[in-house]
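Take a moment to turn the model around on your screen before reading on. Then let us walk through some of its features together.

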Amino acid sequence: MPDHYLCFHGHFYQPPREDPFTGQIPREPGAEPYHDFNEKITAECYRPNATLGNFEMISFNVGPTLASWLDKYAHETYDRIAQADRNNLAATGFGNAIAQSAHHTILPLARRRDKIAQVAWGIASFEHRFGRKPSGMWMPETAVDYETLEALAAAGLTFTVLSDEQVTGDTGGRAGPYRVKLGAGRSITVFVRDRFSSNQLSFDMDKFPNTTAWAEQALASRGQGLALIAADGETFGHHCRAGEHFLHNVLLRDAPALGFQITSLTQYLANHPPQTEIELREMTSWSCMHGVARWVTGCECTPGDGRWKGALRRALDNLSGEIDLVYTAEVRAADAALRAWPLRDAYIAVVLGQMDGPAFLAAQGLGSLPTPLADRLLKLLQAEFYRQRMYASCAFYFEELTRVEPRYAIANAARAVTLVKEATGEDLSRGFHRDLSVAVSSRVNATAADLYDAIMAAAQASSLIK
Ligand SMILES: [Zn+2]
């Protein structure tokens, strides 16, 4: 069959599991016999897929927080993943990795300046890992609005991926790519995944006796053009046992046997520029049929009373506003002409270990700041980093406030509060605590303020707070 293409896109991601006070990952219940879920999922998914060569055959993104962990703790797997992109680049002229915004923030729910930071930090992380500029970016949960796509396009990115229920227009169930018009004469390219086939793999892979049966059912009757399956990468080996072999067999044997050429998004786009225009259904995502309610107010996707989600988000948003006020005031004190948000965007170089704080300030033309001012500014930039990290969407994904994921969010907030206090003496904890106290678990007798108190008590007990 001429002109039949198949692309599998894998979204590989783990939240920042490190205790923000110690940098260490605590032992995670449920991950046994492994120490934590990063180790468990590496053994079940990342390492076997890398060893089988699957990363060479798919299109993929590795979230910056996961890439950073793999670099440190599973370096051989990390190297194989980066090498897969280089091998594709050498063989086809196109790398098959794409970027992801930094902290798995639901971007449509973020302020514009935070969207811009998340995108800039995602690009910088990609360049650090893959040694080249990215052309596409994965948006967490594929959550979208026009302002987010504007941020991608303004940063020089050319495409992203959405699910078919997130767009309107004449797609006929095909993957495109399509053009989405933005303001000021700009546009961006969108690939549209096949939701049915993607979800079938994610949730029902084990119902098929073998990969050939799946491929014949999912692919054999397709017309020309691109078939795009996009799923969490962890589907292949972690969520579905032996899923790495499923992926391998489909790409190496079954899809080619049906006449499909295996391609990546970047390679396909280079030869098939968008011809048709489509529009967005804004404030939608691939994993909540209620738009983005799952991460704001709670919805029927998770059973039980999810009202804590709105309260926790309000607490984080209020705290963000307070931290930003302190930070911008400090930036003005350092240099009246200095722009706070581009400075924060550039700060990712320090987080990535490309330079230390003093070298960063020198590179920003702030090398002559008196030491006390320089120290304060660097601490507040660190606070801005942790305040970005507290928005990892996992905090809001599940039904229960006292799970480990909301704790990550609150721990990162606690770290930011501590840094602000160390830098300026200003104590933001009272207001934050008040806001957290109205986020109440429906399962156990606890509020988010109780979680915050426990986190601060643990940090104080280990003398991590002066
Ligand atoms: Zn929902």
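## A predicted model with a zinc site

Please keep in mind that what you see is a predicted model. Which residues coordinate the zinc ion? The donors are the SG atoms of Cys288, Cys299 and Cys301 together with the ND1 atom of His290, at 2.1 to 2.3 Å. Along the chain, these donors follow the spacing C-x1-H-x8-C-x1-C.

Why is the arrangement around the zinc ion called tetrahedral? The four donor atoms subtend angles of 98 to 119°, and four donors count as tetrahedral if all angles lie between 85 and 135 degrees. Two of the coordinating residues can also be described by their surroundings. Cys299 is buried, because its relative accessible area is 11% and the limit for buried is under 20%. His290 has a relative accessible area of 28%, so His290 is partly exposed.

## Helices that pack together

Now for some helix pairs. Two packed helices are described by the angle between their axes and the distance between the axes. Start with helix α11 (residues 307-334) and helix α15 (residues 371-389): their axes come within 10 Å and cross at roughly 150°. That angle makes α11 roughly antiparallel to α15, as angles over 145 degrees count that way. The crossing of α11 past α15 is left-handed. On the α11 side, the residues making the contact include Ser320, Ile323, Tyr327 and Val331, while on the α15 side they include Leu373, Leu377, Leu380 and Glu384.

Helix α15 also packs against α5. Are α5 and α15 roughly parallel or roughly perpendicular? Their axes are 12 Å apart and the angle is about 95°, and therefore the two helices are roughly perpendicular to each other. Asp114, Gln118 and Trp121 of α5 make this contact with Glu384, Phe385, Arg387 and Gln388 of α15.

## Buried residues and what surrounds them

Helix α3 (residues 64-73) has these buried residues: Pro64, Thr65, Leu66, Ala67, Trp69 and Leu70. Among the elements that cover them are β1, α1, β2 (59-62), α4 (75-92), β3 and α5.

Which residues is Cys45 in contact with, leaving aside its neighbours within four places in sequence? They are Phe12, Gly233, Glu234, Phe236, Gly237 and His238. Cys45 and Arg129 are 84 residues apart in sequence, and their C-alpha atoms are 20 Å apart in space.

Next, find Ala124 in helix α5 (residues 112-130). With 17% relative accessibility, Ala124 counts as buried. Not counting residues up to four places away in sequence, Ala124 touches Ile348 and Leu352. The C-alpha atoms of Ala124 and Tyr34 are separated by 31 Å, and the two residues are 90 residues apart along the chain.

Ala362 sits in helix α14 (residues 357-363). Its relative accessibility is 45%, so Ala362 counts as partly exposed. Ala362 and Arg186 are 176 residues apart along the chain, with their C-alpha atoms separated by 35 Å.

## Backbone details in the loops

Let us finish with the backbone. The peptide bond from Glu32 to Pro33 is cis, with omega near 5°. You can find Pro33 in the loop between β1 (4-12) and α1 (37-52). Another cis peptide bond joins Gly176 and Pro177, with omega about 15°. Pro177 lies in the loop between β6 (167-168) and β7 (178-181).

Positive phi values are also worth a look. His104, a residue other than glycine, has a positive phi near 55°. It is found in the loop between β3 (99-100) and α5. Ala184 has a positive phi of about 55° although it is not a glycine, and its place is in the loop between β7 and β8 (187-193). Is His104 buried or exposed? At 2% relative accessibility, His104 counts as buried. Ala184, at 81% relative accessibility, counts as exposed.

Notes:
Residues are numbered from 1 along each chain as its sequence is written. This is a predicted model: local features need pLDDT of at least 70, side-chain atom pairs count only at pLDDT 80 or more; totals for chains, interfaces and linings use all residues. Side-chain values use heavy atoms; hydrogens and water are left out. Donors are N, O and S atoms within 2.8 Å of the metal (3.2 Å for Na, K and Ca); water is not among the atoms, so sites may look incomplete. Four donors count as tetrahedral if all angles lie between 85 and 135 degrees; four count as square planar and six as octahedral if opposite donors are over 155 degrees apart and all others between 65 and 115; anything else is irregular. Buried means under 20% relative accessible area, exposed over 50%, partly exposed in between (1.4 Å probe, protein chains only). Helices (H or I, at least four residues) and strands (E, at least two) are DSSP runs, numbered from the N terminus. Contact means heavy atoms within 4.5 Å. Axes are lines fitted to C-alpha atoms, for helices over the stretch in contact, and angles run from 0 to 180 degrees between N-to-C directions. Angles under 35 degrees count as roughly parallel, over 145 as roughly antiparallel, 65 to 115 as roughly perpendicular and the rest as oblique. A crossing is left-handed if the near helix is turned anticlockwise from the far one by less than a right angle, and right-handed if clockwise.
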